[in-house]
Amino acid sequence: MPAIKKIFPGGTAVSPLHTLKIILLAEGYRAVDRPQFAAACSEFVDVLTHTAPFSLTDLHPTTISVHAGFVASAAAGAAVDAPAIDRTAFDARYETASHRLTISQAKVNAFVEDPATTLTFGNEALPLIDILRTGDVSMGATGTIVAVLLPPIAGEAATAEAESALGEEDYYFVACTTNNLWPQVVLRGVGRVMGLGDEWELDGDGFLEPADRRAAAYVNLVYAAEPPTTHDDFHLKWHRYLSVAERIAPPAVHPKADPAVADHGVDPIPLTPSTIGYWEGGGGYRTKIYRSAHDCLMRRRVGDSRLPLSAAPVPFCKVCRLHLANLLF
């Protein structure tokens, strides 16, 4: 098992225990393909440092650290419509009919728990298992996101994506091929680790409305049994992000057009809105949960072509962006 080395930022001696840690792991890269993996890691750092609010790392270089671990695979890329056992480090498999990427959760777990898997900084080595928790995603400003990176799949234009199903004994990860705007898959995973909830909706009777407000236990989601008429009910979450004009004006409410079906519409050119509204639908539910903007990186869904993560630039909405900035900087 490899030592996972810090690749960004340089010149700081801060322990990873005190930073948000982004760990990039190679999957489906042979020993001779190591330069391609290194290039993907460099691409991610470039995108990270040019994406709000993470662009603030230039001014605060001790808040985020990016690490890379190279695990050589026997074969290149994911197994396409073929057996994947022991072919690559994490048994990556891609099904062309369903456009589905799968990664062995068991092998990710074993990798994390191997005592030889360490995070190195300076002359010290920290066992990876010491900084990850099973069955949990949100870990805050000193949490860890594991991202498994693969080469693009021949003949497939879209980015292949996967996410941990996260059982009680599993470690959370995201995985993707390194084509198109793939770093957004990793950045969305960062949002999850830092306490942001899913803003998409699901079809079916069980997802019409939540049983209670606990379904909105994330800073970017609010619960309201009736459409809000004032911002006051949500002051603990969004009030500090509102402008003075917004605080005294009635909230801009966008109720579900059709509660019977999930809204999978996305903005053709997503932009970070300068204002905060109340858009009904989020946390998997179609009603009584509100998000602050129509579209956001947290509204896109890993592996769902209807809510694509890497086809076009997608920013965080104002609430998500300010929450991340407040935690990190």
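These questions and answers walk through a predicted model.

User: How many cavities of 30 Å³ or more does the count give, and what is the volume of the largest cavity?
Analyst: The count comes to 1 cavity of 30 Å³ or more. The volume of the largest cavity is about 50 Å³.

User: Which strand gives the largest share of the lining of the largest cavity?
Analyst: The lining includes Ile64, Ser65 and His67, along with residues such as Lys6, Thr19 and Phe121. Strand 3 spans residues 64–69. The largest share, 3 residues, comes from strand 3.

User: How many residues in the lining of the largest cavity are nonpolar, polar and charged?
Analyst: Among the lining residues are Pro9, Val14 and Pro16, and also Thr12 and Thr62. By class, the lining has 6 nonpolar, 5 polar and 1 charged residues.

User: Is strand 3 largely enclosed or left open by the rest of the structure?
Analyst: Side chains alternate between the two faces of the sheet in a regular strand. On one side of strand 3, Ile64, Val66 and Ala68 are buried. With 6 of the 6 residues of strand 3 buried, the strand is largely enclosed.

User: In which sense does strand 1 pair with strand 3, parallel or antiparallel?
Analyst: Strand 1 covers residues 3–8. Lys6 has His67 as its bridge partner in strand 3. Over 3 bridges, the pairing of strand 1 with strand 3 is antiparallel.

User: How many bridges join strand 2 and strand 3?
Analyst: Strand 2 runs over residues 20–26 and pairs with strand 3 in the parallel sense. One of the contacts sets Leu20 against its bridge partner Ile64. The number of bridges between strand 2 and strand 3 is 6.

User: Which helix joins strand 2 and strand 3 in a right-handed β-α-β unit?
Analyst: Strand 2 and strand 3 pair in the parallel sense. The right-handed unit also takes in residues 34–48. Those residues form helix 1.

User: Which parts of the structure does the salt bridge between Arg188 and Asp198 tie together?
Analyst: The side chains of Arg188 and Asp198 meet at 2.7 Å, N to O. Arg188 lies in helix 3 (residues 183–193), and Asp198 in a loop, so the pair ties together parts that are 10 residues apart in sequence. Both Arg188 and Asp198 are buried. The parts tied together are helix 3 and the loop between helix 3 and strand 12.

User: Are Glu95 and Arg100 buried, partly exposed or exposed?
Analyst: Glu95 and Arg100 form a salt bridge, with the closest N and O atoms 4.0 Å apart. Buried means under 20% relative accessible area and exposed over 50%. Glu95 has 27%, and Arg100 has 47%. Glu95 is therefore partly exposed, and Arg100 also counts as partly exposed.

User: In the salt bridge of Arg306 with Asp304, which residue is buried?
Analyst: The closest N and O atoms of Arg306 and Asp304 are 3.1 Å apart. Arg306 has a relative accessible area of 42%, so it is partly exposed.

User: How many salt bridges does a search of the whole structure find?
Analyst: The salt bridge of Arg188 with Asp198 has an N to O distance of 2.7 Å. Arg306 forms one with Asp304. A search of the whole structure finds 17 salt bridges.

User: Which residue of strand 5 stands opposite Ala79?
Analyst: Strand 4 and strand 5 (residues 93–95) run parallel, joined by 2 bridges. The residue opposite Ala79 is Arg93.

User: Which strands stand at the edges of the open sheet of 4 strands?
Analyst: The order is 12-15-14-13, with mixed pairing. Each edge strand has a single partner strand, so one side of each is left without a neighbour in the sheet. The edges are strand 12 and strand 13 (253–254).

User: What is the bridge partner of Tyr223 in strand 15?
Analyst: Strand 12 and strand 15 (residues 285–291) run antiparallel, with 2 bridges between them. The partner of Tyr223 is Ile289.

User: Is Ile248 buried or exposed?
Analyst: Ile248 lies in helix 4 (residues 244–248). The C-alpha atoms of Ile248 and His231 are separated by 8.5 Å. The relative accessible area of Ile248 is 73%, so Ile248 is exposed.

Terms used:
Residues are numbered from 1 along each chain as its sequence is written. This is a predicted model: local features need pLDDT of at least 70, side-chain atom pairs count only at pLDDT 80 or more; totals for chains, interfaces and linings use all residues. Side-chain values use heavy atoms; hydrogens and water are left out. On a 1 Å grid over the protein atoms alone, a cavity is a set of points where a 1.4 Å probe fits but cannot get out, and a pocket is an open set with protein on both sides within 12 Å along at least five of seven lines; lining residues have an atom within 4 Å of a point. Grid points are joined across faces, edges and corners, and a volume is the space filled by probe spheres set on the points. Ala, Val, Leu, Ile, Met, Phe, Trp, Tyr, Cys and Pro count as nonpolar, Asp, Glu, Lys and Arg as charged, and the others, Gly among them, as polar. Buried means under 20% relative accessible area, exposed over 50%, partly exposed in between (1.4 Å probe, protein chains only). Two strands pair if DSSP finds at least two bridges between them. A crossover is right-handed if, with the strands pointing away from the viewer, the path from the first strand over the helix to the second runs clockwise.
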